[in-house]
Amino acid sequence: DQKLFAGLLIKCVVQLELIQTIDNIVFYPATSKKEDAEHMAAAQVPSLVYNLFTSGLVTTNVSVPSLPICISFLGFKGKSKPNLLKQETSSLACCLRILFRMYVDENRRDSWEAIQQRLLSVCSEALAYFITVNSESHREAWTNLLLLLLTKTLKISDEKVR
């Protein structure tokens, strides 16, 4: 049992490191935390005007095919075990940041339809999962994810939302 537990623990730690590495490769390390703080501030002060696109994102230097591959590594899965909450929320946050960034990137215009389908799928799955969560602490862990999703959705042009 100890060997099995140690093996599972190592896999969980490695998975979280992979999630954080992808987030740091695609975005500068401090960007995600800064962005989360901005989303929280925006939720508390609705008239706050800020520009998330000046946050130093490096996604313009990552090739179009590479980002979807990175997203597939993150592996958001619903109904994660409670001890995997950090992986669940971190991977989904990184995935959403990448997808929303790609969806407004003019250099990726040819891929917008595929990105839109993936974005709709991920958002639908995430929201459907969230409404099934019964644990208050689990729901609280999702606060930043919901703020990220809603704030990024509000930043999309009306034309794209239609």
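These are my notebook entries on a predicted model, in the order in which I looked things up.

**Ground rules.** I number residues from 1 along each chain as its sequence is written, and side-chain values use heavy atoms, with hydrogens and water left out. Because the model is predicted, local features need pLDDT of at least 70 and side-chain atom pairs count only at pLDDT 80 or more, while totals for chains, interfaces and linings use all residues.

**Overall fold.** I looked up the secondary structure and found eight helices and zero strands in the chain. Helices (H or I, at least four residues) and strands (E, at least two) are DSSP runs, numbered from the N terminus. From the N terminus on, the order of elements reads α-α-α-α-α-α-α-α. I then looked up burial: of the 162 residues, 38% count as buried. Buried means under 20% relative accessible area, exposed over 50%, and partly exposed in between (1.4 Å probe, protein chains only).

**Helix H1.** Phe-5 is found in helix H1, residues 2-26. I record Phe-5 as exposed because its relative accessibility is 52%. Together with Leu-9 and Val-13, Phe-5 forms a nonpolar patch on the surface, with about 290 Å² of accessible area in total. Patches are made of residues with over 30% relative accessible area and no salt bridge; like charges are joined within 9 Å, and nonpolar side chains (Val, Leu, Ile, Met, Phe, Trp, Tyr) within 5 Å. The areas come from the Shrake-Rupley method with a 1.4 Å probe, and for residues only the protein chains shown count as cover. An α-helix has 3.6 residues a turn, so residues three or four places apart point the same way.

Gln-15 also has its place in helix H1. Gln-15 counts as partly exposed, because its relative accessibility is 31%. I noted that the C-alpha atoms of Gln-15 and Leu-84 are separated by 9.9 Å, although these residues are 69 apart along the chain.

**Helix H4.** Helix H4 (residues 85-104) has 20 residues and reaches 29 Å from its first C-alpha to its last, close to the 28 Å expected at 1.5 Å a residue. The expected span is 1.5 Å times one less than the number of residues. Since 17 of the 20 residues of H4 are buried, this helix is largely enclosed by the rest of the structure.

**Salt bridges.** I counted two salt bridges, each a side-chain nitrogen of Lys or Arg within 4 Å of a carboxyl oxygen of Asp or Glu. Arg-108 meets Asp-105 at 3.1 Å, N to O. Arg-108 is buried at 3% relative accessible area, and Asp-105 is buried at 10%. Arg-109 meets Glu-106 at 2.3 Å, N to O; Arg-109 is partly exposed at 46%.

**Aromatic rings.** My search of the whole structure gave three aromatic pairs. Phe-130 and Trp-142 form a tilted pair, 5.9 Å centre to centre with 35° between the planes. This pair links distant parts of the chain, 12 residues apart: Phe-130 lies in helix H5 (residues 112-130), and Trp-142 in the loop between helix H6 (136-141) and helix H7 (143-155). Rings of Phe, Tyr and Trp (its six-membered ring) pair if their centres lie within 6.5 Å; planes under 30 degrees apart count as stacked, over 60 as edge-to-face and the rest as tilted. Both Phe-130 and Trp-142 are buried.

**Lys-160.** The charged end of Lys-160 sits over the ring of Tyr-103, 3.8 Å from its centre. Lys-160 also lies over the face of Trp-112, at 3.1 Å from the ring centre. The rule asks for NZ of Lys or CZ of Arg within 6 Å of the ring centre and within 35 degrees of the ring normal.
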